[in-house]
Amino acid sequence: MHWGTHAQKPNAVRRSTTRRNKTYIKNLFHKLIVYLLTFSLSGNVEDSLLYHIGTFIEPMTKFFGMGWQTFMAFIASAFAKEAVLGVLNAVFAGEGSLLSGTFQAKSFGVDSSVLALVMPTVISKAEALAFLFAVSFNVPCVMALSTTYRETHSLKWTLRLALFFAGSALVLSCIIYHVAGIFL
């Protein structure tokens with residue numbers, strides 16, 4: 001029995017290369033968007049576009065029990081759960097830029113003792129509890145969604161799933177916040 005190699009079909013190679021290039025370009029585009037949102041010449045959070053968007057939508061996010069800082073960390077949790085700590089560190093402790101805080105939290109480590117000192121003075125216990133529930137029940141991560149899309153071949157189903165996760169996380173955080181506000 002001969003176990004020889006076979007040449008791949010040119011169409012299969014082209015499809016595979018095209019798919020990988022599209023994924024690379026999408027990832028590059030997402031990083032560019034995050035960079036533009038978090039960029040500021042001074043490196044200060046208050047000078048970034050993300051800060052201005054966050055403070056603009058804060059009246060709505062307060063209904064769900066989160067200030068603009070925790071809501072932005074909630075959004076970051078959809079991309080990767082480890083990004084939450086980086087965003088919170090950059091926003092509350094002011095250590096580094098938002099961009100480096102978000103993407104490098106896992107690799108460089110975050111000083112959680114600074115967050116433990118600063119956050120209780122800025123957010124209430126009810127908001128912290130609502131935030132924990134929101135992040136826990138949010139979309140697992142973008143990679144899980146991309147796997148869902150790859151397995152189902154349905155953008156409609158993938159978007160429904162993402163909206164269900166995010167929506168139910170926000171509804172749950174709203175309930176938790178308003179009930180916890182009574183007792184805490």
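Of the 184 residues in the chain, 31% are buried, a class defined by under 20% relative accessible area, with exposed meaning over 50% and partly exposed in between (1.4 Å probe, protein chains only).

Basis of the values

- The model is predicted, so local features need pLDDT of at least 70 and side-chain atom pairs count only at pLDDT 80 or more, whereas totals for chains, interfaces and linings use all residues.
- Residues are numbered from 1 along each chain as its sequence is written, and side-chain values use heavy atoms, with hydrogens and water left out.

Fold and helix packing

- Along the sequence, the chain reads α-α-α-α-α-α-α-α-α-α.
- Helix H3 (residues 68–79) and H8 have axes that come within 10 Å and cross at roughly 15°; axes are lines fitted to C-alpha atoms, for helices over the stretch in contact, and angles run from 0 to 180 degrees between N-to-C directions.
- H3 and H8 are therefore roughly parallel to each other, where angles under 35 degrees count as roughly parallel, over 145 as roughly antiparallel, 65 to 115 as roughly perpendicular and the rest as oblique.
- H3 passes H8 in a right-handed crossing; a crossing is right-handed if the near helix is turned clockwise from the far one by less than a right angle, and left-handed if anticlockwise.
- H8 and H10 pack with their axes 8 Å apart at an angle of about 155°, and the two helices are therefore roughly antiparallel to each other.
- The crossing of H8 and H10 is also right-handed.

Salt bridge

- One salt bridge is found in a search of the whole structure, the criterion being a side-chain nitrogen of Lys or Arg within 4 Å of a carboxyl oxygen of Asp or Glu.
- The bridge joins Glu127 and Lys62, whose closest N and O atoms are 3.6 Å apart.
- Glu127 belongs to helix H8 and Lys62 to helix H2 (residues 49–63), so the pair ties together parts that are 65 residues apart in sequence.
- Glu127 is buried at a relative accessible area of 5%, while Lys62 is partly exposed at 35%.

- Phe131 lies in helix H8 and is buried, with a relative accessible area of 8%.
- The C-alpha atoms of Phe131 and Cys174 are separated by 9.4 Å, although these residues are 43 residues apart along the chain.

Surface and loop

- Leu129, Leu132, Val171, Ile175, Val179, Ile182, Phe183 and Leu184 make a nonpolar surface patch of about 830 Å².
- Helix H8 (125–136) and helix H10 (155–183) are the elements that give two or more residues to this nonpolar patch, and H10 supplies the largest share, five residues.
- Patches are made of residues with over 30% relative accessible area and no salt bridge, with like charges joined within 9 Å and nonpolar side chains (Val, Leu, Ile, Met, Phe, Trp, Tyr) within 5 Å; areas come from the Shrake-Rupley method with a 1.4 Å probe, and for residues only the protein chains shown count as cover.
- Ile182, in helix H10, is exposed with a relative accessible area of 66%.
- His153 is placed in the loop between helix H9 (142–152) and H10; this residue is exposed, with a relative accessible area of 67%.
- His153 has a positive phi of about 55° although it is not a glycine.

Terms used: Helix = DSSP H or I, 4+ residues; strand = E, 2+ residues; numbered from the N terminus.
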